[in-house]
Structure formats: structure tokens, C-alpha cells
Amino acid sequence: MKLVIALLFFSTFGLFAKAQNGVYEIKVVSKKYATVRGFLKKVSPEGIGIEDYKGKYVIFRPAEIERLKIRKRGLTIGEGTLKGGGAGLVAGAAIWSLDEEGRAFEEMAIITGALAGSGAVIGTIAGIVSDIKNTKMIIKVASDEVKFRTVYKKLEPYVNTAYVEHVN
């Protein structure tokens, strides 16, 4: 029975830790406007065009851009914490289910809490490592048009050319 629970735990943990597709996302920090996250659609010396996750197309001029962050989509710190804690909770609940008579309630609650906590810690560490690994580039423009014109060519490999049709 212990082998079945261990196998179940590791198979579900693999599902929780699965990475997403290889599309790059961009985060634009601006002094004038709210921070926008989405897909880079166009790059030119005059600015950049971004499609956010709601389907809106936003154009940023170099004078409006403070910082750009390009990263590969995947596991984040928050997702890692939640998924690791959930996996630990599932493992604790599976162990708890072995106590059919219900005589060891306190011990099982402690074990379940410890597994959930340790799973959350492991998930957080995995999320931090994944977040660091997935960050491809950070460009600090600081609203300087000359600086943007010197670095805008570095953004061209990250342009998302996939066409997505949005249906209401």
C-alpha cells in the first residue's frame, strides 16, 4: 500500500511541476501607465506593440518605458508554492486515509500539516529557480529614447508572430 501511495504522489507531482509552452511574455513598466504583461507583437525604433492577456493591443513609445522584462512562460514562485503545498496536502490526506479507525487523529493532522508545509517550501524553491532560469532579459530604458534605439534590436527574436483569433 505504501508503494502505491508513493507512486501516486510522484505521478501527481510530475503533473503539478509540468512547464508551459515556450512562448515568451513581456512585462512593461511605465511611469505614466499601469504595468502591462503580454506578448510582444511589434518592435521598431519608435516603440513597441504589445498584446495583453485580454486581447488589447497597447503601443508604448520609448519616452513611456521605464523597464522591459522578457521571460519564458513557465512555473512562477506563487504557482510553485501553491502546487507544492497542494501536492503535500494530497500526500498527507492519502496517508491519513490509511487510519481507518480514526484513532491517530492528532498524529495524522501533524503529519499532513508537515507534508503540506514541506511541499510548499519545496514548491517555492522550485518556483524561484524556475523564475530565475526563465528570465531571458531585463532592459532598463528609463524613458531615454536614445538608449531604447540602441537596444531595440535585441527584442526582435522575442516577437510573437502567432495569430490568435479572439471570440466573444
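Tutor: One term to start: buried means under 20% relative accessible area, exposed over 50%, and partly exposed in between (1.4 Å probe, protein chains only). Helices (H or I, at least four residues) and strands (E, at least two) are DSSP runs, numbered from the N terminus.

Student: What kind of model is this, and how are residues numbered?
Tutor: It is a predicted model: local features need pLDDT of at least 70, side-chain atom pairs count only at pLDDT 80 or more, and totals for chains, interfaces and linings use all residues. Residues are numbered from 1 along each chain as its sequence is written, and side-chain values use heavy atoms, leaving out hydrogens and water.

Student: What pLDDT does the chain average?
Tutor: pLDDT is the predictor's confidence in each residue, from 0 to 100. The protein chain averages 82, and 83% of the residues score at least 70.

Student: Where does pLDDT stay under 50?
Tutor: Over residues 17-22, where the model has 5 contacts beyond four places in sequence. Contact means heavy atoms within 4.5 Å. Where pLDDT is low, the predicted coordinates should not be read in detail.

Student: OK, the sheet. What is the strand order?
Tutor: The order is β4-β3-β2-β1-β5-β6, an open sheet of 6 strands with antiparallel pairing. Two strands pair if DSSP finds at least two bridges between them.

Student: Which strands stand at the edges?
Tutor: β4 (57-60) and β6 (135-140). Each has a single partner strand, so one side of each is left without a neighbour in the sheet.

Student: And which strands does helix α3 touch?
Tutor: Helix α3 (residues 105-134) packs on the sheet and touches β5 and β6. Its direction makes about 65° with that of β6. Axes are lines fitted to C-alpha atoms, for helices over the stretch in contact, and angles run from 0 to 180 degrees between N-to-C directions.

Student: Back to β3. Is it buried or exposed?
Tutor: Mostly covered: 6 of the 6 residues in β3 (residues 47-52) are buried. Gly47, Gly49 and Glu51 lie on one side, with Ile48, Ile50 and Asp52 on the other.

Student: How many bridges join β2 to β3?
Tutor: 6, with β2 (residues 36-44) running antiparallel to β3. Lysine 42 stands opposite glycine 49 in β3. The two strands form a hairpin with 2 residues between them.

Student: What about β3 and β4?
Tutor: 4 bridges there, also antiparallel. Glutamate 51 has tyrosine 57 in β4 as its bridge partner. That hairpin has 4 residues between the strands, and glycine 55 takes a positive phi near 95°.
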